[in-house]
Amino acid sequence: MNDGRGGDMAEIATSPRERYRAQVRTEIKDRAWEQIATAGASALSLNAIAKRMGMSGPALYRYFANRDELITELITDAYRSLADAFRATAEGGTDLAALARTVRRWALEAPHRYLLLYGTPVPGYHAPPDTTKIAAELMAVMLDAVPPVPADRTPFDEHLDGLTFRAGHRPGPVTHRALIFWTRVHGVLSLELAGHFTGMGFDPALLYDAEVDTLLT
């Protein structure tokens with residue numbers, strides 16, 4: 001279960017030792033994803049992973065210095081996987097509806113991967129700034145997909161003028177619409193994946209589509 005779809009095995013390992021190290025790191029991340037899927041990211045334990053792999057704790061720490069380093073790699077792999085899915089959707093041009101379908105499909109394939117990125121923060125973990133760089137790629141794809149918007153400006157649009165979400169800053173209303181789209185889509189998805197719609201009797205997929213349609217009209 002390599003939910004990140006990337007990382008060490010994609011690196012060029014030129015010697016047997018490097019190839020072995022890459023394989024072990026990938027297996028460690030696979031075991032970590034299994035733990036997260038079963039008990040959540042807050043329960044991630046390097047010692048438990050080492051035991052599952054037949055290694056000692058100190059031996060595993062030669063591959064990841066601590067829990068936070070492992071979580072950072074998992075987050076980076078997950079962001080990269082979603083960014084790759086966005087770019088594949090956007091090849092040849094796309095729209096926000098297509099991106100919405102992509103993010104829901106990606107989330108449903110591995111809910112624990114989605115929740116690591118957009119769910120409850122892991123207690124005691126603070127992501128390094130580098131992890132936001134890939135997240136910015138997602139916003140860049142969305143900005144390109146936003147259709148023309150009215151010129152009417154809000155105080156939030158004025159605020160956005162002073163920020164940069166990508167090279168070649170887009171006008172405030174465009175960024176504003178992309179942010180509204182992103183937050184509303186994640187709101188519905190997060191409720192669905194956390195099980196809050198269970199027993200309510202409606203189809204979450206239809207609710208999601210209705211919300212996307214509302215955002216686009």
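Modeller: Start with the cluster: ring pairs link Y79, F86, Y114, Y118 and W182. This is a predicted model, where local features need pLDDT of at least 70, side-chain atom pairs count only at pLDDT 80 or more, and totals for chains, interfaces and linings use all residues. Residues are numbered from 1 along each chain as its sequence is written, and side-chain values use heavy atoms, without hydrogens and water.

Colleague: Why is the pair of F86 and W182 called edge-to-face?

Modeller: Rings of Phe, Tyr and Trp (its six-membered ring) pair if their centres lie within 6.5 Å; planes under 30 degrees apart count as stacked, over 60 as edge-to-face and the rest as tilted. F86 and W182 are 5.8 Å centre to centre, with 80° between the planes. Therefore the pair of Y118 and W182 is edge-to-face too, with centres 6.1 Å apart and planes at 85°.

Colleague: What makes F86 buried?

Modeller: Buried means under 20% relative accessible area, exposed over 50%, partly exposed in between (1.4 Å probe, protein chains only). F86 has 1%, so F86 is buried. W182, at 13%, is buried. Y118 has 22%, so Y118 is partly exposed.

Colleague: Why are α5 and α10 called roughly antiparallel?

Modeller: Angles under 35 degrees count as roughly parallel, over 145 as roughly antiparallel, 65 to 115 as roughly perpendicular and the rest as oblique. Axes are lines fitted to C-alpha atoms, for helices over the stretch in contact, and angles run from 0 to 180 degrees between N-to-C directions. The axes of α5 (residues 96-109) and α10 (residues 204-216) cross at roughly 150°. The two helices are therefore roughly antiparallel.

Definitions and conventions: Helices (H or I, at least four residues) and strands (E, at least two) are DSSP runs, numbered from the N terminus.
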